[in-house]
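Subject: Structure for your review

Dear colleague,

I am handing over the structure below, together with notes on what was found in it. Please read the notes alongside the model.

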Amino acid sequence: MATLEKIRSKSVFLIVIIGLALLAFIVGDALTNSRNIFGEHTTIAKVGSTKIDFTDYQRKREELNRQLEDARRQNPAQFANFDTQVLSQMAIDQLVQQEVVLSAADKAGVRSTGNLLRYYMIENPQNQQVMDVVRQLNAAGLSVQTPQQAYEVIFNPKRNGLTDAQVEPYQRLWLAAEKEMNETLKGTIYQRLLAGTVKANELDRKALYNDYITTANVDVAYLPYGSLDAKEYPVSEDEIKKAYAEKKGLFKVAEPTKDVSFLSVSIGPSAADRAAARQLAQTTVKELSDSLGQLSKATKKEGVSLTHHAVRATDLPTGAVKEFVMNATPNEVQIISENIQGFTVVRKGKTTQALDSIQLNLVTVVSENLGKKVMSELNAGLNPDSVASRFSADSVATQLNQWIPLYSAQGATNALPQETLDSLRNAGGKYVTLQSGPQGMLLAKIVEQKAPKTIYEYDEAEYVLGPSVKTVNDERAKLEKFLLDNKTAADFVKNAEKAGYTPQNFSLTQSTPAIPRMMGMNSYYPDSRQVVRWVMIDGKDGEVSHIYESKNAITPALYAVAVERSYDEYVPVSNPDVNSMLTQQVRASKAGDKMLEKYGKKTQSLQTAAQAMNVEPRNVSTFRFGHNAGVSDPAVMGRIAGSKADKKVAIVKGEDGVYVYQITGNGKENFPYNEQTYDQQYYRFVNPNLMEMINGDKKLKNNIYKFEAGE
């Protein structure tokens, strides 16, 4: 009772707490749903004052999806493995560039002319939306072949027997396409104008020309540093920090970045899974060998698929399947392949004879009554070539000697129903009706039929072996234990290899589409976009994620990631790649100093220096600044190009090794000077980044992972 009284005495307090919690939930939900009203909550990306709205992003994402689908239909092999994880960032990149350029063009007062817009919308259409309008008009029964015809129908509806209401949807589509094309043209014009500002003056052109025609005859001996012993050339932390301070500008980052250690655990079939697959193959053979030749529900549930084939001999797949099907007896069953990837079992079916193609004369007539007259005269002997002259050309159309394939590499085409084919073959060379209705008739007769081909029927059972649920769960339990024992990034990195894992280091930003499978390649770990999302939104320095999963049934994988450090201005000296690079440079510099001391006293001649270095000297007879293979170090190259032929032997250290050189002669090539050539060379030399020119020091703020779940 005392306990009950205590609860009762607290009831008002509990009601207040619950009420406040509900209020907080409602208010929080209201704020979330009011993103479109307050602040920049619909801004998915921003550069300076230029914003990308989430709705624009969604439209661009859908557009890229459609383009990918079209590309896959047209070229399935090339785009079969295209990783859709990149589409989100592609949409952001395209919109940012488009909006930034358009904003700059507007500020500069750039406009596109009506004639230019007409050319790209009508005369030489470059906008996919225009062609979509043409297709939609045709689908609606309005026959147009060109953008010009589409424009006339849409904007002169009464002349074409239409109402304003009927064409209003197409007008909206056209105007949207026109707006997009206008913006594209403005952006293109502005970028061309901007590129035109990067121009060489006379001094620039002459400097490039002189660098090219000025040559030297140089003898060079080169000793690369190679692999340097850390004990012989130790590098201290202070030396690395000093080198970092001198070269800090090289390590500036464009957007906030996080260094992570990433684990990917690919899960393959276990020995038990492979044994179960072998047993499943035997079960499949037994079931297909039964009188019905079918798979049980249990076998199908295990993942075995059964496909029936009926194909010509030329269309049988090469190899063991073809060998078995052509030589086995009906109902015979055999395991064709069985390995770590799964198995294939084939059951031979019946062998028949069938036509694989026929040649037809086809006549289309606009009405059923006229069709009967046309068929009557054709069957009375009218030459099909004379149909158009005997009847109105607007009422009939002929397609003569058309081959109709009845079988393809995939089997029966079903181009003609069996009853239609029987009707044609039994017509005795007469025309018969293939289709008939209020909208016309289709007449046909057989002109020629090839000899029947042998058709082989067989059933193919296939099983792709993947890890079982138990195998996946066992790997998950192992990784969960590792994460439980290593809750900090430091422990994660320190103990991963001891636990049998291979960690990989990555630098991630909001613009990283997913975890790269290979550096520098457009290949990403499946479903790893969700990992990047956690890192960029939730992951703090020193934290370790939970397990993420790529749930492909055949090649599943588990992921985990630890955040080591984050930065938004410069890559810190603690970054392993930066630290390693600076360490190598400091060590190389020390080695260079030691080599200068060792070989500098032996430079009485280039030959004696080369002999002491145990290298072969070589001669570069036409040494040019930036145009030779004799010296790769830029600083050494510039030093040689700027020296006179005094025949003195010089020894210098470069970034990659020690050089001993002797300039034995100077010369000038007799090449003509051409302003246009050196204008082009100057532009290539400068290689301007137009987006950087427009943006200046404005940084990209990318909020994409706040809007997307990252699956």
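A pocket here is an open set of points, on a 1 Å grid over the protein atoms alone, with protein on both sides within 12 Å along at least five of seven lines, and its lining residues have an atom within 4 Å of a point; grid points are joined across faces, edges and corners, and a volume is the space filled by probe spheres (1.4 Å probe) set on the points. This is a predicted model, in which local features need pLDDT of at least 70 and side-chain atom pairs count only at pLDDT 80 or more, while totals for chains, interfaces and linings use all residues. Residues are numbered from 1 along each chain as its sequence is written, and side-chain values use heavy atoms, with hydrogens and water left out.

The second largest pocket has a volume of about 490 Å³. Its lining comprises 18 residues, and A254, N695, K698, K699 and L700 are those nearest its centre. Two or more lining residues come from each of α5 and α25 (690–695), where helices are DSSP runs of H or I with at least four residues, strands are runs of E with at least two, and both are numbered from the N terminus. The largest share of this lining, 4 residues, is from α5.

The largest pocket holds about 1400 Å³ of space. It is lined by 35 residues, with K60, E63, Q98, Q129 and E180 closest to its centre. At least two lining residues are supplied by each of α3 (54–74), α5 (87–107), α6 (114–123), α7 (128–139) and α9 (164–196), and α9 gives the most, with 12 residues.

Two of these helices, α6 and α9, pack at an angle of about 125° with their axes 10 Å apart, the axes being lines fitted to C-alpha atoms over the stretch in contact and the angles running from 0 to 180 degrees between N-to-C directions. The pair is therefore oblique, a term for angles that are not under 35 degrees (roughly parallel), over 145 (roughly antiparallel) or 65 to 115 (roughly perpendicular).

Elsewhere, K231 lies in the loop between β3 (214–224) and α11 (237–246). K231 is exposed, with a relative accessible area of 77%, where exposed means over 50% with a 1.4 Å probe and protein chains only. Between K231 and A490 the separation is 259 residues in sequence and 27 Å in space, C-alpha to C-alpha.

With best wishes

Technical notes. Buried < 20%, exposed > 50% of the residue type's maximum accessible area, 1.4 Å probe, protein only.
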